[in-house]
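Reader: Could you take me through this structure by question and answer, giving the cut-offs behind each term as you go?

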Amino acid sequence: MLIPRITKPYEPGLPALGDNLENFLVNAGGSVTLNLHPGDKFKIINLEGLQQAELVSFNSNGECSFTPLGLKSEHKGELTKKILTSSEESAQIAYLKLKKLGHEVQSINQSVLVFSKNSEAKSIEEFTSSDSSICIISAPGETEITHDNTPASELRVIVQRSKKREEGE
């Protein structure tokens, strides 16, 4: 008689990286929104290179500001606005979530270009939040090969929370 081997099946929703780490994938032409608390750290990884990344931040007062991240604005957030106002379903969901949090996409007037079009594969940029903030990380570009022969690619975002998650979070 064969005795079945007991395995540990995959259970969705369990943290894969640890109690204080979160892993996000920003699809090409998409964005991810993070709710950051004081002391939270995050890093953006350019997986394949040649992919721009734009960062937009709202401070705890709801203003488009980089004060919580200690950065200075370089651009006006046009790449992120274009993504969030597109007709794609994920963009519509992100747009509505931001509105529910009290932030208007049209109020985006500052951004930082984290990676340029010439960035190398596996490039990493790290940031720390000194105050509560909402950050939007965008991977602008077309998903199909364009006249430049360089399609947009994915970005990975790893967030290290200052506090460990409690059971059930």
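Reader: Is Gly29 buried, partly exposed or exposed?

Author: The classes rest on relative accessible area, where buried means under 20%, exposed over 50% and partly exposed in between, with a 1.4 Å probe and protein chains only. The relative accessible area of Gly29 is 27%, so Gly29 is partly exposed.

Reader: How was the model handled, and how are residues numbered?

Author: This is a predicted model, in which local features need pLDDT of at least 70 and side-chain atom pairs count only at pLDDT 80 or more, while totals for chains, interfaces and linings use all residues. Side-chain values use heavy atoms, with hydrogens and water left out, and residues are numbered along each chain as its sequence is written, from 1.

Reader: Where is Gly29 placed, and which residues is Gly29 in contact with?

Author: Gly29 sits in the loop between β1 and β2, strands being DSSP runs of E with at least two residues and helices runs of H or I with at least four, numbered from the N terminus. Ser153 is 124 residues from Gly29 in sequence, yet the C-alpha atoms are 8.1 Å apart in space. With contact meaning heavy atoms within 4.5 Å, and neighbours within four places in sequence left aside, the residues are Ile83, Ala139, Gly141 and Ala152.

Reader: In what order do the elements of the protein chain run?

Author: The protein chain has 2 helices and 8 strands, and 37% of its 169 residues count as buried. Among contacts between residues at least 6 apart in sequence, 83% join residues at least 24 apart. From the N terminus on, the order is β-β-β-β-α-α-β-β-β-β.

Reader: What is the average twist in the open sheet that has β1 and β6 as edge strands?

Author: The 4 strands of this open sheet follow the order β1-β8-β3-β6 with antiparallel pairing, where two strands pair if DSSP finds at least two bridges between them. β1 (21–26) and β6 (123–128) are the edge strands, each pairing on one side only. From one strand to the next, the twist averages 15 degrees.

Reader: Which residue of β8 is the bridge partner of Val26?

Author: β1 and β8 are antiparallel and pair over 6 bridges, and 6 bridges also join β3 (residues 41–46) to β8 (residues 155–160). The partner of Val26 in β8 is Leu155.

Reader: Why is one side of β2 and of β5 left without a neighbour in the sheet?

Author: These strands belong to an open sheet of 4 strands, antiparallel in its pairing, with the order β2-β7-β4-β5. One side of each is left without a neighbour because β2 (31–36) and β5 (112–115) stand at the edges, each with a single partner strand.

Reader: Which side chain of opposite charge is nearest to Glu54, and how far away is that side chain?

Author: Glu54 is found in strand β4 (residues 53–58), and its side chain makes a polar contact of 2.6 Å with the side chain of Thr80, a polar contact being a pair of N or O atoms within 3.5 Å, of which, within protein, one must be able to donate a hydrogen and the other to accept it, and residues adjacent in sequence count only if both atoms are side-chain atoms. Glu54 is buried yet has no salt bridge, that is, a side-chain nitrogen of Lys or Arg within 4 Å of a carboxyl oxygen of Asp or Glu. Counting Lys and Arg as positive and Asp and Glu as negative, with His and the chain ends not counted, the nearest side chain of opposite charge is Lys81, 9.4 Å away.

Definitions and conventions
Axes are lines fitted to C-alpha atoms, for helices over the stretch in contact, and angles run from 0 to 180 degrees between N-to-C directions.
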